[in-house]
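Colleague: I am new to this one. Please take me through the terms as we go.

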Amino acid sequence: MQTLLDSTALARGWQLGDGHFTTMHARRGRVRLWPLHQARLMAACRRLHMAEPDWAAIDAELTALPDEGDRVVRLTLLRGPGGRGYGIAGCGATQVALNVSPFPAHYFTWRERGIDLGVCEGRLGSSPLLAGLKTVNRLEQVLLKAELERRELAEGVVLNEAGRVMEAVTANLFWRKGDAVFTPELANGGVHGTLRAWVMGELGERVQVVSAPLEALQDADEIWLTNALMGLVPVCSLAGRSLGGDYSITRALQQRYEQID
Ligand SMILES: C=C(O[C@@H]1C=C(C(=O)O)C=C[C@H]1N)C(=O)O
Ligand SMILES: Cc1ncc(COP(=O)(O)O)c(C=O)c1O
């Protein structure tokens, strides 16, 4: 499925990476956590000074998804045609591409069995203007994913240049020490994940948003990753050290997440 994309809008996307996107899980024809995806898209449009897309047209497309199985639905918004160079004055309506693809089945295995988490050598740069946004500029993640592939790692913790824990390559992360739950502060980089927002809503004030060194993770009783496709994935070991197998919060959150659309 592909909609409403013309070559001039693609030109800004190709030439400048001038757009943002979200990747969603559709189950039996319904996009899970659509309100959180839409809220992030709206926030990104505001921060990037992009016009909002035609939400009614998008709703119509999403409503027409096949009522079966699991699918990946990627919604990309690119700034409309116009402007000169970087300039955005006079750019037209935001352009939309909706792509549906098969769901990566290994994420179901990851949810059940957990994964071994590495620590990436590559670091994230500081980018306060773009922090939290899922822009179509994802070259840092492309390079980090290349590192995972080279080292045959399922996923890896990514630090920033100051050595603070930021996220994983394709996911956000949480950890628990005793009763306290933590997630990295993302004021200078990273993606404000929809599943991260959902977990923070579920756990409320129990979650502390912190700037933490790798040692905090190494000292954790439980670690889990989140993204809209993988859901909540328990971490069995960090850099080769077992975490002890207590997945209590991860399992409780997984159960709650299963019950919602
Ligand atoms: C780049 C996309 O989505 C991100 C990347 C992955 C992945 O590499 O597995 C998964 C979810 C997103 N974080 C995309 O084109 O959907
Ligand atoms: C770098 C990065 N961080 C975090 C996330 C998690 O975001 P979400 O929960 O919306 O999937 C993703 C992908 O989805 C990502 O690519």
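**Reading the model, term by term**

Modeller: Start with two helices: helix H2 (residues 34–47) packs against helix H3 (residues 55–63) at an angle of about 150°, their axes 14 Å apart. This is a predicted model, in which local features need pLDDT of at least 70 and side-chain atom pairs count only at pLDDT 80 or more, while totals for chains, interfaces and linings use all residues. Residues are numbered from 1 along each chain as its sequence is written, chains are lettered from A and ligands numbered from 1 in the order in which they are written, and side-chain values use heavy atoms, with hydrogens and water left out.

Colleague: What makes a stretch a helix or a strand?

Modeller: Both are DSSP runs, numbered from the N terminus: helices are H or I with at least four residues, strands are E with at least two. Axes are lines fitted to C-alpha atoms, for helices over the stretch in contact, and angles run from 0 to 180 degrees between N-to-C directions.

Colleague: Why are H2 and H3 called roughly antiparallel?

Modeller: Angles over 145 degrees count as roughly antiparallel, under 35 as roughly parallel, 65 to 115 as roughly perpendicular, and the rest as oblique. The angle here is about 150°, so H2 and H3 are roughly antiparallel to each other. The contact (heavy atoms within 4.5 Å) involves Trp 34, Gln 38, Leu 41 and Met 42 of H2, with Trp 55, Ile 58, Asp 59 and Leu 62 of H3.

Colleague: How do the residues of that contact divide?

Modeller: Into six nonpolar, one polar and one charged. Ala, Val, Leu, Ile, Met, Phe, Trp, Tyr, Cys and Pro count as nonpolar, Asp, Glu, Lys and Arg as charged, and the others, Gly among them, as polar.

Colleague: Why are H6 and H8 called roughly perpendicular?

Modeller: The axes of H6 and helix H8 (residues 248–259) cross at roughly 105° and come within 12 Å. That angle makes them roughly perpendicular to each other. Leu 195, Trp 198, Val 199, Glu 202 and Leu 203 in H6 meet Ile 249, Leu 253, Arg 256 and Tyr 257 in H8. These residues divide into seven nonpolar, no polar and two charged.

Colleague: Which residues of H6 are buried?

Modeller: In helix H6 (residues 194–203) they are Thr 194, Leu 195, Arg 196, Trp 198, Val 199 and Leu 203. Buried means under 20% relative accessible area, exposed over 50%, partly exposed in between (1.4 Å probe, protein chains only). Just after H6, Gly 204 takes a positive phi of about 55°.

Colleague: Why does Trp 224 count as buried?

Modeller: Trp 224 has 0% relative accessibility, so it counts as buried. Trp 224 sits in strand S11 (residues 222–227). Its C-alpha lies 5.5 Å from that of Phe 174, 50 residues apart along the chain.

Colleague: What does the side chain of Asn 227 reach?

Modeller: The backbone nitrogen of Leu 229, at 2.7 Å. Asn 227, also in strand S11, counts as buried at 14% relative accessibility.

Colleague: What makes the link between Ser 237 and Asp 116 a polar contact?

Modeller: A polar contact is a pair of N or O atoms within 3.5 Å; within protein, one must be able to donate a hydrogen and the other to accept it, and residues adjacent in sequence count only if both atoms are side-chain atoms. The side chains of Ser 237 and Asp 116 are joined at 2.7 Å. Ser 237 lies in strand S12 (residues 231–238) and counts as buried at 10%.
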